[in-house]
Amino acid sequence: MSQEFFMYRGYPLVRCGNQIYYGYMAEPYVVMIEIKHQTEVIDGMKLADKLKVYQMATREKNPMKAIVKTSDRSTLYDAVDLAHAWLVRAEKDPGSNEKSKRT
């Protein structure tokens, strides 16, 4: 059985509760976006206004060591835009993030 995910700019975007995963788990890096706060706007609809973005190495067993980069954003669009930039940059230069992690 094949499962299809919502795709955004060529990468899968999957939400599980207050966490959104962007990217392929089979790739060296994936980005997790954690919704820290939401504001109710209209008729019970909520809008995320505080988000934490984490770039994570998928091959690292320890989740705390897997975090390569973090950033805070105030809109979901900004968070996903940053996540996309991180993944594209990691594809172009796969060793750059691991080097920065060690320094």
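Visitor: Which residue is the bridge partner of Y22 in β4?

Guide: In β4, Y22 has V31 as its bridge partner. The model is predicted, so local features need pLDDT of at least 70 and side-chain atom pairs count only at pLDDT 80 or more, while totals for chains, interfaces and linings use all residues. Residues are numbered from 1 along each chain as its sequence is written, and side-chain values use heavy atoms, with hydrogens and water left out.

Helices (H or I, at least four residues) and strands (E, at least two) are DSSP runs numbered from the N terminus, and two strands pair if DSSP finds at least two bridges between them. β3 and β4 form a hairpin with 6 residues between them, and G23 in its turn has a positive phi of about 120°.

β4 also pairs with β5 in the antiparallel sense, over 12 bridges. Here the hairpin has 2 residues between the strands, and D43 in the turn has a positive phi of about 45°. Along this pairing, M32 stands opposite Y54 in β5.

Neighbours within four places in sequence aside, K52 is in contact (heavy atoms within 4.5 Å) with M32, I33, E34, K36, T70, S71 and D72. The side chains of K52 and D72 make a polar contact of 3.5 Å; this term denotes a pair of N or O atoms within 3.5 Å, where within protein one must be able to donate a hydrogen and the other to accept it, and residues adjacent in sequence count only if both atoms are side-chain atoms.

S71, one of the contacts of K52, lies in β6 (residues 67–73). S71 is buried, with a relative accessible area of 16%; buried means under 20%, exposed over 50% and partly exposed in between, with a 1.4 Å probe and protein chains only. The side chain of S71 has a polar contact of 2.8 Å with that of R73. Beyond four places in sequence, S71 is in contact with L51, K52, V53, L82 and W86. L82 and W86 are among the buried residues of α2, which also include A79, V80 and L87.

Across the chain, the elements run β-β-β-β-β-α-β-α-α from the N terminus, and 32% of the 103 residues count as buried.
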